[in-house]
Amino acid sequence: MCKGSGKPVIAKITKIVQETPRIKTYYLNYAMDAKPGQFAMVWLPGLDEKPFTLTATGKECAITVQCKGKFTEAMCGLKEGTKIGIRGPYGNGFDFAKVKKACIVAGGCGAAPIALLAEQLKKQGTEISIILGANTGKNCLFKKRLGKTTKGLYITTDDGSIGEKGFVTIILESLLKKEKFDCIFCCGPEPMIKAVFEICEK
């Protein structure tokens with residue numbers, strides 16, 4: 001098990017899943033115990049090293065990558081069987097042990113760390129409502145995976161191609177009028193997080 005090692009360990013890509021047109025998940029033949037929300041450093045020899053959220057842990061760990069920029073475009077060109085460097089886990093992760101009822105708000109790539117969190121919350125018996133936002137339906141990350149963790153999955157898209165047209169905050173405000181949550185977890189673009197925080201403050 002990797003325990004925040006200072007040196008990258010060489011691991012092989014065992015499986016690649018195309019999640020959306022621009023996002024892929026890479027499964028590695030390397031065991032890593034981590035909390036939801038923690039990340040790993042990924043090293044491409046001769047190029048660079050970048051942090052990525054862990055979207056699967058245990059006997060095989062996984063990272064989810066959006067193809068955007070020099071490093072990630074190189075990642076998205078890799079094939080199964082390719083070897084890369086990985087080290088971690090790092091970061092504090094989410095604190096959710098005592099949460100009985102939670103609302104999760106995720107926008108865009110923010111669904112990456114949220115997926116593992118939702119699965120762990122379900123495992124411990126937490127009642128969950130999830131609001132998942134994207135610019136369009138085809139970019140709605142982990143829709144099926146998150147749907148398996150809750151009966152309360154709400155989807156919003158900017159163009160209205162699936163779910164409700166508009167922002168995640170519309171659903172959140174509606175839910176808070178009729179529900180009480182122990183905690184609201186949020187991950188996504190900074191303006192979205194700011195808007196969610198301001199709603200929660202009220």
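Helices (H or I, at least four residues) and strands (E, at least two) are DSSP runs numbered from the N terminus. This is a predicted model, in which local features need pLDDT of at least 70, side-chain atom pairs count only at pLDDT 80 or more, and totals for chains, interfaces and linings use all residues. Residues are numbered from 1 along each chain as its sequence is written, and side-chain values use heavy atoms, with hydrogens and water left out.

The relative accessible area of Gly-137 is 17%, so the residue counts as buried. Buried means under 20% relative accessible area, exposed over 50%, and partly exposed in between, with a 1.4 Å probe and protein chains only. Leaving aside residues up to four places away in sequence, Gly-137 touches Thr-157, Asp-159, Ser-161 and Ile-162; a contact means heavy atoms within 4.5 Å. From Gly-6, Gly-137 is 131 residues away in sequence and 39 Å away in space, C-alpha to C-alpha.

## The parallel sheet

An open sheet is formed by five strands in the order E10-E9-E8-E7-E11, with parallel pairing. Its edge strands, E10 (164–165) and E11 (183–187), each pair on one side only. Two strands pair if DSSP finds at least two bridges between them.

## Strand E7

Strand E7 spans residues 101–107, and seven of its seven residues are buried. One side carries Lys-101, Cys-103, Val-105 and Gly-107, the other Ala-102, Ile-104 and Ala-106, and both faces are covered.

E7 runs parallel to strand E8 (residues 127–134), to which seven bridges join it. Within E8, Glu-127 is the bridge partner of Lys-101. E7 also pairs with E11 in the parallel sense, over five bridges. There, Cys-103 stands opposite Ile-184 of E11.

## The protein as a whole

The secondary structure comprises five helices and 11 strands. A compact globule of 202 residues would have a radius of gyration near 17 Å, and the protein agrees because its own value is 17 Å. This radius is taken over C-alpha atoms, and the globule rule is 2.2 Å times the number of residues to the power 0.38. Along the principal axes, the C-alpha atoms fill a box of roughly 50 × 35 × 25 Å.

Of the 202 residues, 46% count as buried. Among contacts between residues at least 6 apart in sequence, 64% join residues at least 24 apart.
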